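Welcome! Open your viewer, get your selection tool ready, and let us walk through this protein together.

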Amino acid sequence: MRSSSLHASCLFKNSNKRRVSLDSLPDDLLVEISSRTAASSLSAVRNLRLVSKTFKRTCDEKYVISRLSLHELTLLTWYHYQDPELERKVRTEHERKVLNRKKELERKVRTERLSNFYKRCRRNGNPEALYRKGIINYFRRNQKHKGLKLLSQAAKKGNKEATYVYGLILICGGGRDIYEEGPVLHGGETKQEGFKILSSLIKSLMSKTLEELVDMREKIGGSIRWLGTPVMKELKRAYAPDKCGCDGRTSDFLAYNCAWHRYGEDNDMNTSSACEICLWDHEVKCFFDTSNE
């Protein structure tokens, strides 16, 4: 008797429970959920779009697209059509040509789809998409004015990679124009502007060590060193180091750890205590040495 009354009581309580649908949440909360998901990974937001029509619509919001993480996509995405089963069925030269035409068509379709996706991201102010296009234009396509404009936009939106590359380009260029045997700059920025931009990057790393800066350099250099070696050599030749009045502690420390020794808990320097002129002089030399001149 007691068990039946207890069961009825549980049913009553469960029947009074209020079910809340995700679609019934306020729009601003849905946008915030979608934007945080988008910032985590591209695959995560793809899955979220499948949850409901409401989330699919919300994921198309400008704010969500602007925060979309693109780290799952390589800087230059190559596409190779593969169909092992079809490959095994190829017997004649004619069949091989048909298969090659199919591969080429698939490649063009995917390339166009990816290009439209990146364009949409840039239109919605996605800083990572702006940075990637800026890198490709500047180092690969010899469209330096366009490339620097995009890098500038990405840097102003807080993209650390764009801030790093844009600042280094400026301090290498020193305000020279492309017609004066120097790297073209955007908007007439000077070398001092470059130091200011890089200084803003240091502030965001203020509580961190120089090892964090090395990790960023290796990550960026690894992705673009094969894009535009001639441009990197041009920037390296154009660079003229500034003199500073520090005690030389930063340059000595950097030279010591750049060789056989590596940064670590016992021998690292906080970015807040480093001489910025020495620090960025070292970064220019290390970053553009990836051109293997």
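The tour below goes stop by stop, with something to select at each one.

**Before we start**

This is a predicted model: local features need pLDDT of at least 70, side-chain atom pairs count only at pLDDT 80 or more, and totals for chains, interfaces and linings use all residues. Residues are numbered from 1 along each chain as its sequence is written, and side-chain values use heavy atoms, with hydrogens and water left out.

**Stop 1: H9 and H10**

Select residues 144-156, which form helix H9, and residues 160-173, which form helix H10. Helices (H or I, at least four residues) are DSSP runs, numbered from the N terminus. The axes of H9 and H10 lie 8 Å apart, and the two helices pack at an angle of about 130°. H9 is therefore oblique to H10. Axes here are lines fitted to C-alpha atoms, for helices over the stretch in contact, and angles run from 0 to 180 degrees between N-to-C directions. Angles under 35 degrees count as roughly parallel, over 145 as roughly antiparallel, 65 to 115 as roughly perpendicular and the rest as oblique.

Now show the side chains where H9 and H10 touch: Leu148, Leu151, Ser152, Ala154 and Ala155 come from H9, while Ala162, Thr163, Val165, Tyr166 and Ile169 come from H10. Contact means heavy atoms within 4.5 Å. The residues of this contact are eight nonpolar, two polar and no charged. In this grouping, Ala, Val, Leu, Ile, Met, Phe, Trp, Tyr, Cys and Pro are nonpolar, Asp, Glu, Lys and Arg are charged, and the others, Gly among them, are polar.

**Stop 2: H8 joins in**

Which residues meet here? Tyr131, Ile135, Tyr138 and Phe139 in H8 meet Glu161, Ala162, Val165 and Ile169 in H10. Seven residues of the contact of H8 with H10 are nonpolar, none is polar and one is charged.

**Stop 3: H15**

Next, select residues 276-288, helix H15. Its axis and that of H10 come within 11 Å, crossing at roughly 100°, so H10 is roughly perpendicular to H15. On H10, pick Tyr164, Leu168, Ile171 and Cys172; on H15, pick Trp280, Glu283, Val284, Phe287 and Phe288. These make the contact, which has eight nonpolar, no polar and one charged residues.

**Stop 4: a pocket**

Select Leu42, Arg46, Leu68, Phe117 and Arg120, which lie nearest the centre of the second largest pocket among its 16 lining residues. Helices H3 (42-49), H5 (62-66) and H7 (93-123) each supply at least two residues of the lining, and H7 gives the most, with six. How does the lining divide by class? The lining has 10 nonpolar, no polar and six charged residues.

**Last stop: Thr37**

Finish at Thr37, in helix H2 (residues 27-40). Leaving aside neighbours within four places in sequence, Thr37 is in contact with Ala44, Val45 and Leu48.

How values were computed: On a 1 Å grid over the protein atoms alone, a cavity is a set of points where a 1.4 Å probe fits but cannot get out, and a pocket is an open set with protein on both sides within 12 Å along at least five of seven lines; lining residues have an atom within 4 Å of a point.
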